[in-house]
Amino acid sequence: NYRLVASQLRQALGDEADALANAANFIAVLYNALDYVNWLGLYLARGDELVLGPFQGLAAVTRIAMGKGVCGVAAAARKTQRVPDVHAFPGHIACDIASRSEIVVPLIVGGELAAVLDVDSPSLDRFSADDQAGLERLCDRFASLVAAGNRAGGA
Ligand code: SME
């Protein structure tokens, strides 16, 4: 399934060089490919904060301090946070009350934290280790396309 998403992503990005346009399509492709997901989007690293970027779902909090919430912890640690039950995560920031589980994957571009991908599900324990591996691969792939200015595949 994640391999299919990777090919949809290549198609959606084409040879476009604009990072914002590519980020918007990255999010749209992922959101529509995944089942049982109610919110999916990017928070962009801006100094000591994360600022809301392209997303699909309900309107969300615009700024998150590094280290706060699931997104801020993932950003500060530069490490994926897979949360089976958001109610059990201390400091979780609720955007959509329907959200029950969440995964946040950091995007590193050129050695720097560029953003985190945040995915919320209304199902408890929605995200498996396989989802984590698939999403991390897609984020790495997308980050290298962005770093390369996506001259059609970053080749
Ligand atoms: N739950 C996130 C906040 C962002 S919303 O889910 C869109 C967090 O705790 O960082």
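In this predicted model, an oxygen atom of the ligand lies 3.0 Å from a backbone N or O atom of valine 70. The protein buries 100% of the 310 Å² that the ligand exposes when taken alone. The space taken by the ligand is the largest cavity.

- A polar backbone atom of cysteine 71 is 2.8 Å from an oxygen atom of the ligand.
- The side chain of aspartate 118 has an N or O atom 3.3 Å from an oxygen atom of the ligand.

**Shell around the ligand**
- There are 13 residues around the ligand, and those that come nearest are Val70, Cys71, Ile93, Cys95 and Asp120.
- Strand E1 (39-46), helix H3 (69-77) and strand E6 (112-121) are the elements that give two or more residues to this shell.
- H3 gives the most, with three residues.
- By class, the shell residues are eight nonpolar, two polar and three charged.

**Largest pocket**
- The volume of the largest pocket is about 240 Å³.
- Its lining has 15 residues, of which Ala19, Leu44, Ala114, Ala115 and Val146 are the closest to the pocket centre.
- Two or more lining residues come from each of helix H2 (19-33), E1, strand E5 (101-109), E6 and helix H4 (129-147).
- E1 supplies the largest share of this lining, four residues.
- The lining divides into 14 nonpolar residues, no polar ones and one charged.

**Elements at both sites**

Technical notes. Residues numbered from 1 in each chain as written. Predicted model: local features only at pLDDT ≥ 70, side-chain atom pairs only at ≥ 80, totals over all residues. Heavy atoms only, no water. Near = heavy atom within 4 Å. Polar contact = N/O pair within 3.5 Å; in protein donor to acceptor, adjacent residues only side chain to side chain. Areas by Shrake-Rupley, 256 points an atom, 1.4 Å probe, with all protein chains shown as cover. 1 Å grid on protein atoms, 1.4 Å probe; cavity = no way out; pocket = protein on both sides within 12 Å on 5 of 7 lines; lining within 4 Å. Sits in = over half its atoms within 2 Å of the grid points. Nonpolar A, V, L, I, M, F, W, Y, C, P; charged D, E, K, R; others polar. Points joined across faces, edges and corners; volume = space filled by probe spheres on them.
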